[in-house]
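Subject: Handover of a structure for your study

Dear colleague,

Please find below the structure that I am handing over to you. I would ask you to keep it open beside this message as you read.

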Amino acid sequence: MSARCVQRQFLLRPDPRLTAGIRFLLAHYANKHHIQLYAACVMSSHVHLVYRDGQARGPHFLRDFNRAVALLVQELHGWQGGVFEQRPMQVRLLTLESIVDKIAYTLANPVESGGVSKARTWPGLWLGATSQSSDEPRPEGFPRKGRFPARATLQSWLPDLLVRAVGEQQAKRRLALAVDRTERRNRRRVASTGGSFRTPHHCGRLPITTRSVRPEPRRARAREF
């Protein structure tokens, strides 16, 4: 799933308060709707999520998560108006190769977009398919805090299809290699066009009204692959 900010503005620019809030919201709503998160990356102008929706709760999950993130952005930045485009882009992943490729694309996106030279240094939310969990406290002063628990567990999962095929350790290795290949390819592309990368600190200092100017192809109808 990809959800883009209106007019490609940097409304999700990395900010410690915003990132903490998004981590908590992602944990809360993934647990509430029984979503298994494989990978997540929140860029300045868009969100990428790869997940398994075993109970057909995906539409409810996206509705609640995107709405809560939008309210958080409005609260923290004093933003008036919409945050996300009306409809996120969703693609069903039906093969092992497509799952691995999409996870690698998501996790390498900070490099692909020219943000930072190494994806793990991205200062925004970056969640890999590592089969690990973290305890996310509700941030202090969190908007509408009465509606949320005090803590939520943010769990990342290895794709069960991949684990069944090659085992847990090989699954982790295969995903790590795929992310590394994608990062290296993206760094070569940026270098070939004379581009450069920002520092993580600089990424968090850009105005939220900055707009992505990178050319992108016209969106095609959503497909399954």
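The notes that follow set out what was found.

This is a predicted model, in which local features need pLDDT of at least 70 and side-chain atom pairs count only at pLDDT 80 or more, while totals for chains, interfaces and linings use all residues. Residues are numbered from 1 along each chain as its sequence is written, and side-chain values use heavy atoms, with hydrogens and water left out.

Confidence

The pLDDT is the predictor's confidence in each residue, from 0 to 100. Its mean for the protein is 90, and 93% of the residues reach 70 or more. Over residues 217-225, however, the pLDDT is below 50. Beyond near neighbours in sequence, this stretch has 16 contacts in the model, a contact being heavy atoms within 4.5 Å. Where pLDDT is low, the predicted coordinates should not be read in detail.

The sheet

Helices (H or I, at least four residues) and strands (E, at least two) are DSSP runs, numbered from the N terminus. Four strands form an open sheet in the order 1-3-2-4, with antiparallel pairing; two strands pair if DSSP finds at least two bridges between them. Strand 1 (2-4) and strand 4 are the edge strands, each pairing on one side only. Strand 1 is joined to strand 3 in the antiparallel sense over three bridges, and R4 has H46 in strand 3 as its bridge partner.

R4 also brings us to R87, 83 residues apart from it along the chain: their C-alpha atoms are separated by 8.8 Å. R87 lies in the loop between helix 2 (58-77) and helix 3 (96-107). Is R87 buried or exposed? It counts as exposed because its relative accessibility is 71%; the cut-offs are under 20% relative accessible area for buried and over 50% for exposed, with partly exposed in between (1.4 Å probe, protein chains only).

Helix 3 and the cores

Helix 3 has 12 residues and reaches 17 Å from its first C-alpha to its last, close to the 16 Å expected at 1.5 Å a residue; the expected span is 1.5 Å times one less than the number of residues. Its buried residues include L96, I99, V100 and I103. The partners against which the buried residues of helix 3 pack include strand 2 (35-42), strand 3 (46-53) and helix 6 (168-192).

A nonpolar core is a set of buried Ala, Val, Leu, Ile, Met, Phe, Trp, Tyr and Cys residues joined through side-chain atoms within 4.5 Å. The largest has 38 residues, and those with the most contacts inside it are L12, L25, L49 and F61. Helix 1 (16-32), strand 2, strand 3, helix 2 and strand 6 (151-155) each supply at least two residues of this core. A second, separate core of 24 residues includes Y38, A39, V50 and A129. In soluble globular proteins, nonpolar side chains tend to be buried together.

Cysteines

How many disulfides does a search of the whole structure find? The search finds zero, a disulfide being a pair of cysteine sulfur atoms within 2.5 Å. The sulfur of C5 is too far for a bond, because the closest cysteine sulfur, in C41, is 13 Å away. C203 is likewise in no disulfide, the nearest cysteine sulfur, that of C41, being 11 Å away. C5 is buried, with a relative accessible area of 0%, and C203 is buried at 3%.

Yours sincerely,
A colleague
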